[in-house]
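The following account leads the reader through a structure from the contact between its chains to individual residues. Please keep the sequence and the model in view while reading.

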Amino acid sequence: MTTSNQAAPAQKPPKAAIRSPLLFGALALVGALIFTSIVLLSSGVPPLEAYRLIFLGAFSTPVRISDMIMLAAPLMLCSAGLTLTFAAGLYNLGVEGQMILGAVAAMIPLRLFPDLPPPLLWALAFACGAAGGAAWATLAAWLRVGLRVNEIFAGLGLNFLASGIALYLVLGPWRRVGQASSSGTEPLPNALWLPTLDKLRLAPIAPIVALIALAIIWAAVTRTRWGLELRAVGLNPQAAGRMGVPAARRLAESLAACGALAGLAGAIQIIGVFHQLIPSISSGIGLLALLVVLLVRANPAWVLPVAAAFAVFTVGSVQLPLALGTDSSIAGVLQGALVLFALLARGLSARK
Amino acid sequence: MKRALTRWPALLILVLGAILSACGGAPASTPTESPATEATESAEAPAATEAPAAATEAPATEATEAPVAATEAPATEAEPYIFGMVLVGPINDGGWNQAQYEGMKYVEERIPGSKFIYIDKVNPADRPNVKVEQVIDELIAQGATFVVTNSAEFGDGTNIAAEANPDVTFIHASGDSVLAGKAPANVGNIMGKMIYGKMMAGCAAALQSETGKISYLGPLIDPETRRLVNSAYLGAKYCWTDVLGKPADQLSFKVTWIGFWFNIPGVTLDPTQVANDFINGGSDVILSGIDTTEAIVEANKATQAGKKVYAIPYDYKAACEQAPDVCLGVPYFNWGPTYLKAISDAKAGTFQQSFDWIAPDWTNINNPDTSIVGFENGAALSADNATKLDAFIAQLADGSLNLYTGPLNYQDGTPFVADGTTADDKTIWYSEQLLEGVDGQSAP
């Protein structure tokens with residue numbers, strides 16, 4: 001009796017504590033782990049061993065660490081961009097397509113002027129990638145602001161179109177000489193690959209670009225009037241408009257900026273990772289970034305740890321088929337479950 | 001507030017979709033699981049036998065470390081020779097990848113104390129953002145000192161991994177980087193002369209076809225696939241005109257390329273759809289050139305629906321079992337003996353880099369211990385046609401018939417093999433176009 005009496009009043013005061021994001025994050029993590037463990041157990045895989053590989057596998061060798069960083073870099077770029085659109089109250093599902101168009105655009109200078117000095121070409125590839133992604137996102141922005149097409153549907157439609165363009169280029173005009181295969185275009189000459197650390201696949205430029213971009217986005221969202229206006233638009237576009245904020249303009253700007261960052265990620269996929277255009281050049285990184293941003297919301301400061309953690313899971317799980325005979329897609333289950341439980345926890349916390 | 005309300009369901013659907021798509025891999029690969037677990041079981045088997053051994057030595061400490069020892073102990077005690085394979089598709093695809101997988105199992109059975117490990121489904125659809133170099137590193141991390149990569153597009157990645165791992169021996173199956181002079185010294189190429197298997201397939205198709213409309217379900221376009229289509233066409237043309245004595249203009253040979261080795265939804269053409277287009281277009285024999293079994297599956301469905309359609313699958317000896325009643329036969333790879341030699345050489349330290357394009361064992365192309373390429377007759381091939389096919393194979397075997405004898409022209413009319421001469425291996429290997437008479441895209 002006494003214990004329940006104590007528990008009843010105890011529920012009221014700590015509400016603030018319960019609602020702290022850290023606690024809810026921990027609850028979400030526990031929920032996700034339980035869910036994933038059930039999946040693992042039901043397929044006969046020892047969960048502890050699987051988690052050891054998923055959480056720590058990426059750190060076991062320098063090669064895996066470098067692979068993890070090369071995945072985290074484009075993931076951070078996309079996630080950073082998505083915090084902008086999230087702040088503006090938009091769900092930019094078109095981020096995949098923006099990444100693909102960025103990759104396609106990054107290929108253009110590399111194909112047209114392969115004889116320019118490589119550093120200049122890399123700069124051009126990044127610039128074109130950003131421009132391509134931004135242009136594709138502007139299209140979505142125009143549909144959203146101009147024609148009032150919901151950006152979720154506009155983004156999904158444009159994603160299909162972008163994959164179609166990439167596939168057409170791979171099988172058509174940019175195909176390998178004498179071949180037509182959806183496995184990809186001719187690989188770039190080695191001189192045009194982003195330089196890597198000795199014997200690793202780690203191209204330091206990629207994470208550097210990602211970190212710089214992330215810092216700029218963090219500053220823009222949290223330290224500038226523009227960021228403040230963006231968040232105001234996200235909270236209530238009509239009210240923000242009445243306060244003198246050009247709401248439509250801010251929406252379009254956030255989409256274009258997100259597209260530019262996704263385009264940079266696409267450029268990294270081209271010159272730093274695959275060294276050729278393949279139909280699935282985005283590799284689902286944009287979708288993974290959507291999951292990241294559902295966790296971090298409009299808070300760029302959390303992008304680095306969360307995106308890095310997702311990259312760790314993904315790279316760590318590559319060895320699952322060999323070590324445990326299970327599919328590596330279990331990392332996707334864990335990531336999705338994390339987001340689902342975070343949303344649930346947040347939904348619970350929002351209830352009064 | 002209203003916006004937020006409409007968006008939550010959309011968000012939930014998105015997240016659930018992400019989870020389901022992640023899970024999606026699992027149901028699709030359930031047939032794969034059983035061999036996969038089998039592989040890990042065999043991987044754990046030596047560890048299991050070692051654990052008691054270790055336990056007797058130092059019961060207190062080793063017992064707790066048993067799971068760790070499972071991966072590390074074999075290196076110190078039994079030191080199994082570990083060899084690995086990277087496969088583009090699932091190991092149970094009933095085609096190319098299954099034949100490759102069974103070739104490696106053949107080796108594992110014959111080299112005592114050896115252990116075979118593999119990663120399959122290494123392609124952008126099943127494993128986005130995973131590159132072949134990365135997968136090779138995983139195999140090496142598990143102790144592999146010999147690695148086979150089994151698909152054409154792994155060539156560049158194999159060479160990169162070989163340069164980074166000079167102590168590991170690599171075979172890029174179906175590749176030609178040794179021939180092209182681009183391969184590091186620890187890379188070799190192995191391929192069977194499937195051109196003969198395809199000639200037999202083309203011949204069987206022409207012998208049994210009533211309409212003379214033969215179709216070829218092609219994968220992607222490259223010199224290998226063009227060479228195989230051309231060989232099938234040459235076999236069909238010879239058996240149609242010279243064996244059956246029918247007029248050449250009544251034979252049509254059409255190829256449709258899907259764009260990859262197997263179906264990737266949204267990226268390739270759907271091979272099921274393509275096979276049905278062939279059938280609806282009046283074709284009564286479908287030759288498969290892809291890794292998977294859609295051609296024979298659809299031919300069987302059409303036959304059950306009252307049409308008469310035959311199929312000739314590819315790659316895997318038991319492929320006819322999918323639908324014996326419509327199967328004319330299957331040209332297949334038997335990788336075991338060749339891999340056994342290469343891996344034994346590497347184990348003994350006598351591996352020499354070479355480009356090996358290996359002909360069938362003409363004394364008996366179906367000898368499982370000697371012949372890399374074979375042709376297994378199907379139940380649907382009539383006894384009369386089987387006799388004719390055997391005579392055709394005998395001619396190929398004794399060299400009295402060389403179908404790559406000129407004059408042969410490419411599709412655009414440029415000469416491929418001059419009149420009175422025969423094409424050498426390199427010319428055939430690098431076939432630049434389809435032959436005149438074949439209906440389909442060459443992608444020169």
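**From the interface to single residues**

R176(A) and D156(B) form a salt bridge, with their closest N and O atoms 3.5 Å apart. The term salt bridge here denotes a side-chain nitrogen of Lys or Arg within 4 Å of a carboxyl oxygen of Asp or Glu. Between chain A and chain B the count is three salt bridges. The model is a predicted one, in which local features need pLDDT of at least 70 and side-chain atom pairs count only at pLDDT 80 or more, while totals for chains, interfaces and linings use all residues. Residues are numbered from 1 along each chain as its sequence is written, chains are lettered from A and ligands numbered from 1 in the order in which they are written, and side-chain values use heavy atoms, with hydrogens and water left out.

The interface of chain A and chain B also holds nine residue pairs in polar contact, both residues being at pLDDT 80 or more. A polar contact is a pair of N or O atoms within 3.5 Å; within protein, one must be able to donate a hydrogen and the other to accept it, and residues adjacent in sequence count only if both atoms are side-chain atoms. Several elements of chain A give two or more residues to the side that touches chain B, namely α5 (62-87), α8 (151-171), α12 (247-274), α13 (285-296), α15 (320-324) and α16 (330-350). Helices (H or I, at least four residues) and strands (E, at least two) are DSSP runs, numbered from the N terminus. The most is given by α16(A), with seven residues. By class, this side of chain A comprises 25 nonpolar, 17 polar and nine charged residues. In this grouping Ala, Val, Leu, Ile, Met, Phe, Trp, Tyr, Cys and Pro count as nonpolar, Asp, Glu, Lys and Arg as charged, and the others, Gly among them, as polar.

How much area do chain A and chain B bury between them? The figure is about 4,300 Å², with 62% of it on carbon and sulfur atoms. Buried area is the accessible area (1.4 Å probe) that two parts lose on being put together, summed over both. Of the area that chain A buries against chain B, 15% is supplied by R201(A), V318(A) and L322(A), more than by any other three residues. The contact draws 51 residues from chain A and 51 residues from chain B, where contact means heavy atoms within 4.5 Å.

Apart from its neighbours within four places in sequence, V318(A) is in contact with S328(A), V130(B), Q134(B) and E138(B). V318(A) counts as buried because its relative accessibility is 9%; buried means under 20% relative accessible area, exposed over 50%, and partly exposed in between (1.4 Å probe, protein chains only). From C-alpha to C-alpha, V318(A) and I330(A) are 9.9 Å apart in space and 12 residues apart in sequence.

Chain A as a whole has 16 helices and zero strands. Of its 352 residues, 55% count as buried. Among its contacts with a separation of 6 or more, 75% are accounted for by residues 24 or more positions apart. The loop between α12 and α13 of chain A contains H275(A) and S283(A). Phi is near 60 degrees in H275(A), a positive value in a residue other than glycine, and near 55 degrees in S283(A), again a positive value in a residue other than glycine. H275(A) is buried, with a relative accessible area of 8%, and S283(A) is buried, with 10%.

Chain B has 14 helices and 15 strands. Of the 444 residues of chain B, 55% count as buried. One of the buried residues is S174(B), with a relative accessible area of 8%. S174(B) is found in the loop between β4 (169-173) and β5 (187-192) of chain B. Not counting residues up to four places away in sequence, S174(B) touches W96(B), S151(B), A152(B), I190(B), M191(B), E224(B) and W429(B). Elsewhere in chain B, the peptide bond from G406(B) to P407(B) is cis, with omega near 0 degrees. P407(B) lies in the loop between α13 (383-398) and β13 (408-409) of chain B.
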